[in-house]
Amino acid sequence: METMRDRFAPVVTRLLDEDPRVAVVLAEIGTDAFTEAARRHPDRVVNVGIREQLLVGAAAGMALTGLRPVVHTFASFLVERPFEQVKLDLGHQDAGAVLVSAAASFDWPAGGYTHMAPGDVALLDTLDGWTVHVPGHPDEAETLVRHAVAAGDDKVYVRLSLQANAHPLPVDGERFRTVREGRAGVVVAVGPVLDAVLAATEGLDVTVLYATTVRPFDAAALRRATEASGTDVVLAEPYLAGTSVAAANDALSDVPHRVLGLGVGRRELRRYGQLEEHVAAHGLDARSLRERVGAFTAAGISLRPPPPAPDRAVAH
């Protein structure tokens, strides 16, 4: 199947042709995909070389001149290495850009830990005003990249991954989508973990929400789901476990609730192996998810007080 990153370059190339504000900033990675675009738009396709701090700084400068820069490299080089520039050149100067990452948490294990970034979304959470999209399919990636570029001068992060669901769902860049309804808890599946979550919860009486835009967090959708399904919430995220726990807690702050955050653990896996082995090692495969979601929701049911006894007529 075509990957999200395969879809990214052709989409942005079309946007370069359609909109004179759009610019692309690269740091060697991904340049081959923009060879023709650079020939047609040499002033708006810029490769700064292996200089990730300059990558973000140049994008901020372009934004301050009125351009809409799309900035692309691996997540570890886009968010972690130049974080000071993300914080100051973009955030402090209130300059908008679209950061589009590749490799996600551990998509290229052979690259080693330098090419892994499970903490990227959590790191951006320390800053104000970022929209974060996590598509689960190439079609969704195209929609969300277009949505991000069209989002005025906002600061937007689009997290592309080799992991993908088998089929796309309609996405609007704002709201969570209900894909299954139940009464014994809510599972929020983020981006490419949806298929594993659906397999894991088959036969379980839970509601499944699908999230491809995680910041801003759709608190209203979570509240509506818990009103019908109870306030036991599981977050299944393809990045650092617990990243959205605070957002879920804030959404339900006025009602008793429990939240379980599942995702990539903090422990470094030094035998890099294959992508699928990392998924399983972090408990994001269907079998592991079923065990943990099932145990969590079952415990919640056992902790709930019994329903009140029905009124009985008293004989006199």
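In what order do the strands of the open sheet stand? Before I reply, please note that this is a predicted model. The order is β7-β9-β8-β11-β12, so that 5 strands form the open sheet, and their pairing is mixed.

Let us consider the edges. These positions are taken by β7, residues 177-180, and β12, residues 258-264. Each of the two has a single partner strand, and therefore one side of each is left without a neighbour in the sheet. From one strand to the next, the twist averages 25 degrees.

I would draw your attention to one pair in particular. Strand β11, which covers residues 232-240, runs parallel to β12, and 6 bridges join them. Within this part of the model, Leu 240 stands opposite Val 264 in β12.

I now turn to the largest pocket. It holds about 230 Å³ of space. Which residues line the largest pocket? The lining consists of Leu 162, Gln 163, Ala 164, Asn 165, Pro 192, Val 193, Asp 195, Ala 196, Leu 275, Glu 276, Val 279 and Leu 284. The largest share comes from α11, with 3 residues.

Thank you for your attention.

Definitions and conventions
Residues are numbered from 1 along each chain as its sequence is written. This is a predicted model: local features need pLDDT of at least 70, side-chain atom pairs count only at pLDDT 80 or more; totals for chains, interfaces and linings use all residues. Side-chain values use heavy atoms; hydrogens and water are left out. On a 1 Å grid over the protein atoms alone, a cavity is a set of points where a 1.4 Å probe fits but cannot get out, and a pocket is an open set with protein on both sides within 12 Å along at least five of seven lines; lining residues have an atom within 4 Å of a point. Grid points are joined across faces, edges and corners, and a volume is the space filled by probe spheres set on the points. Helices (H or I, at least four residues) and strands (E, at least two) are DSSP runs, numbered from the N terminus. Two strands pair if DSSP finds at least two bridges between them. Axes are lines fitted to C-alpha atoms, for helices over the stretch in contact, and angles run from 0 to 180 degrees between N-to-C directions.
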